[in-house]
Amino acid sequence: MTTVYDLPADVLILKVADELKAMETVEAPDWAAFAKTGVHKQAPPFDEDWWYTRAAAVLRRIYVDGPIGVERLRSFYGGKQNRGSNPDKFRKGSGSVIRKVVQQLEGEGLIENAEKGRKITGKGKSFLDGVAYGLKADVVEQIPALAKY
């Protein structure tokens with residue numbers, strides 16, 4: 001059976017983002033068009049569907065590293081802040097964006113609260129593995145090295 005671990009993350013995340021767009025509970029709030037993804041960014045994302053891409057990336061990250069909390073996810077989505085002539089400094093990503101994404105994924109039943117953070121549910125695991133299985137044939141044509149999986 002093909003799982004999340006068998007495919008490149010970027011390919012899987014784009015397909016999962018398309019699947020999340022079809023779900024009713026996962027949708028970008030009104031303020032998402034103007035929000036930066038962290039203090040280290042200078043402008044909001046250019047992609048109109050960035051919310052779904054971030055939700056897919058968070059869902060995959062919880063699948064791979066779970067149980068994981070919002071603070072740890074903020075560290076993962078952080079980056080270097082340009083401070084002019086001062087040295088760059090690491091800053092965490094936006095907690096509000098990640099918190100809302102996690103709440104929406106919980107509402108859909110893909111993740112659940114655990115003792116230390118959030119973890120993937122059976123529904124979430126089968127959702128991601130199903131998307132990975134559906135993508136495998138397309139990816140194997142492009143990357144023949146994956147045929148052994």
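Helices (H or I, at least four residues) and strands (E, at least two) are DSSP runs, numbered from the N terminus. By that definition, the protein chain of this predicted model has 5 helices and 4 strands, and from the N terminus on its elements follow the order α-α-α-β-β-α-β-β-α. The radius of gyration, which is taken over C-alpha atoms and compared with a globule rule of 2.2 Å times the number of residues to the power 0.38, is 16 Å for the protein chain, close to the 15 Å that the rule gives for 149 residues, so the chain is as compact as a globular protein of that length. Along the principal axes, the C-alpha atoms fill a box of roughly 50 × 35 × 30 Å.

Residues are numbered from 1 along each chain as its sequence is written. Because the model is predicted, local features need pLDDT of at least 70 and side-chain atom pairs count only at pLDDT 80 or more, while totals for chains, interfaces and linings use all residues, and side-chain values use heavy atoms, with hydrogens and water left out.

**Burial and the core**

A residue is called buried under 20% relative accessible area, exposed over 50%, and partly exposed in between (1.4 Å probe, protein chains only); of the 149 residues of the protein chain, 40% count as buried. A nonpolar core is a set of buried Ala, Val, Leu, Ile, Met, Phe, Trp, Tyr and Cys residues joined through side-chain atoms within 4.5 Å, and the largest one here has 37 residues, with Val-16, Leu-20, Leu-59, Leu-105 and Phe-127 having the most contacts inside it. Helices α1 (9-21), α2 (50-65), α3 (70-76), α4 (95-108) and α5 (122-142) each supply at least two residues of this core, and the largest share, 10 residues, comes from α2. In soluble globular proteins, nonpolar side chains tend to be buried together.

**Two helices**

In α1, the buried residues are Leu-12, Ile-13, Val-16, Ala-17 and Leu-20. Seen down the axis of α1, they fall within an arc of 135° (the arc of the directions from the helix axis to the C-beta atoms), so they line one face of the helix. In α2, 13 of the 16 residues are buried, so this helix is largely enclosed by the rest of the structure.

**Single residues**

Contact means heavy atoms within 4.5 Å, and the lists below leave aside neighbours within four places in sequence. Ala-17, which counts as buried because its relative accessibility is 5%, is in contact with Tyr-52, Thr-53 and Ala-56. Leu-105 is in contact with Leu-20, Val-26, Ala-55, Val-58, Leu-59, Leu-110 and Ile-111. His-40 lies in the loop between α1 and α2 and, at 12% relative accessibility, also counts as buried; its contacts include Tyr-77, Lys-80, Arg-91 and Lys-92.

**A strand pair**

Two strands pair if DSSP finds at least two bridges between them. Strand β3 (residues 111-114) and strand β4 (residues 117-120) run antiparallel and are joined by 4 bridges, and they form a hairpin with 2 residues between them. Ile-111 has Ile-120 as its bridge partner in β4.
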